[in-house]
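Here are some quick notes to read alongside the structure. They start with the overall chain and then go inside it.

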Amino acid sequence: MSPSTEQEKVKYKQKCMKSEIRREQCRANQARYRNKQRSLQMNLESSVEELHQELCRLKRRRQDIVLAEKTDQNPWTIVAEVFHILQNSFRSPWKLENDEDMQNDVETRKTLEFLQNIFTSDAAMGKVSGIDELIDRWRRYSQYFGDAHLYLQRVESLTPGVMRATARLHVTITELIVRFAFPHLLEMEPVSKYDINPPLRERLVGQLVDCSFSIDFHFDEDNGRVARLEPRIDVIPELLRVLGNLSDVDEVCYSPKSPDAWGILNR
C-alpha cells in the first residue's frame, strides 16, 4: 500500500470522526434546546396556573366584600322575586342546562346578578353552602322537576329576620324525579311471580301531583341578605292519593335506601 493511499485513509477516518462529533454535538444541542423549551413551557404553565388561582382568590375576596355590604332590597321584595325566578326556571329549564347557556341568555344573567346581590357569600340550604353551590342546586332543580308549575299563595313574617313563603307545586312525576328522589324504586323486584300489582315506580311515573311547598328565608341581621333557605315539599298526602295505602307510601318514602336527594322533601 502506497503512502499516499494510507494518508487518504487516515484523512477519511478523521473526516468521518469529525462528522460524527459534529452530529453528536448537534444532537446534544438539540436535546438541550428541547429541554430548555420544555422547562420554559412548564414554568409558563405553572405561572399561568398560579395567576389563575390568584385571580380566583381575588374574585372570591371581592365577592365576599360585596356580599358583606348591606343590600338595598327589602325582605318582601326578595321573597317575591325569588319565587318569580323559581317559576320562570320551571317553565324554561333549558335556559339552565349549562354555564354557557346561562351566560348567553340575557334574562338569566340578570337573574344571576340579582341572586348575587341578595345572598350572603356563605348562604346555606341544607348541607349546601355558598352562593355558587346554591345556584348550581337551583339549576338542577329546574332540570329534575321539568315542566312544573309553582303558585305563590302567601308570604308572612314568622319572627324578626325570618320569613316564610307558601305555595302550591304542580308537577308530573317523571323517571328523572323517581331516579333522584326515590332511587330504591328502580331496584325493587316483584314480591313473587304471582304479584299482579305494577311496581311502585310504574304507579308513580306520569302522575300529576299537587303538593304544598314552602321556603323559610333567614336573613342576616347586619346586611339584610339571605343567609339560609329552608325549603320543604309535603309529598305524603299526594302519594297517599296516588298509591292508595300507607304501606306503599311508607315503602316509597321511608325505605333505608331512600335518601332525600334534594333535602327538601317533607316526610
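This is a predicted model: local features need pLDDT of at least 70, side-chain atom pairs count only at pLDDT 80 or more; totals for chains, interfaces and linings use all residues.

**Notes on the fold and its main cavity**

1. On burial, 34% of the 267 residues in the protein chain come out as buried, that is, under 20% relative accessible area. The chain exposes about 17100 Å², and carbon and sulfur atoms supply 52% of that area.

2. Now for contacts. If you take those in the protein chain with a separation of 6 or more, 64% are between residues 24 or more positions apart.

3. How many cavities of 30 Å³ or more are there? The count is 2, and the largest cavity has a volume of about 330 Å³.

4. To find that largest cavity on screen, go to Leu 86, Met 125, Trp 138, Tyr 141 and Leu 229, which are the closest to its centre among the 22 residues that line it.

5. Which elements give two or more residues to the lining of the largest cavity? They are helices H2 (75-91) and H5 (131-145), together with strands S1 (119-125), S5 (208-219) and S6 (226-234). H5 provides the largest share of this lining, with 7 residues.

6. Tyr and Trp are counted as nonpolar here, so Trp 138 and Tyr 141, both among the residues closest to the centre, go into the nonpolar group.

How values were computed: Residues are numbered from 1 along each chain as its sequence is written. Side-chain values use heavy atoms; hydrogens and water are left out. On a 1 Å grid over the protein atoms alone, a cavity is a set of points where a 1.4 Å probe fits but cannot get out, and a pocket is an open set with protein on both sides within 12 Å along at least five of seven lines; lining residues have an atom within 4 Å of a point. Grid points are joined across faces, edges and corners, and a volume is the space filled by probe spheres set on the points. Helices (H or I, at least four residues) and strands (E, at least two) are DSSP runs, numbered from the N terminus. Buried means under 20% relative accessible area, exposed over 50%, partly exposed in between (1.4 Å probe, protein chains only). Contact means heavy atoms within 4.5 Å. Accessible areas come from the Shrake-Rupley method with a 1.4 Å probe; for residues, only the protein chains shown count as cover.
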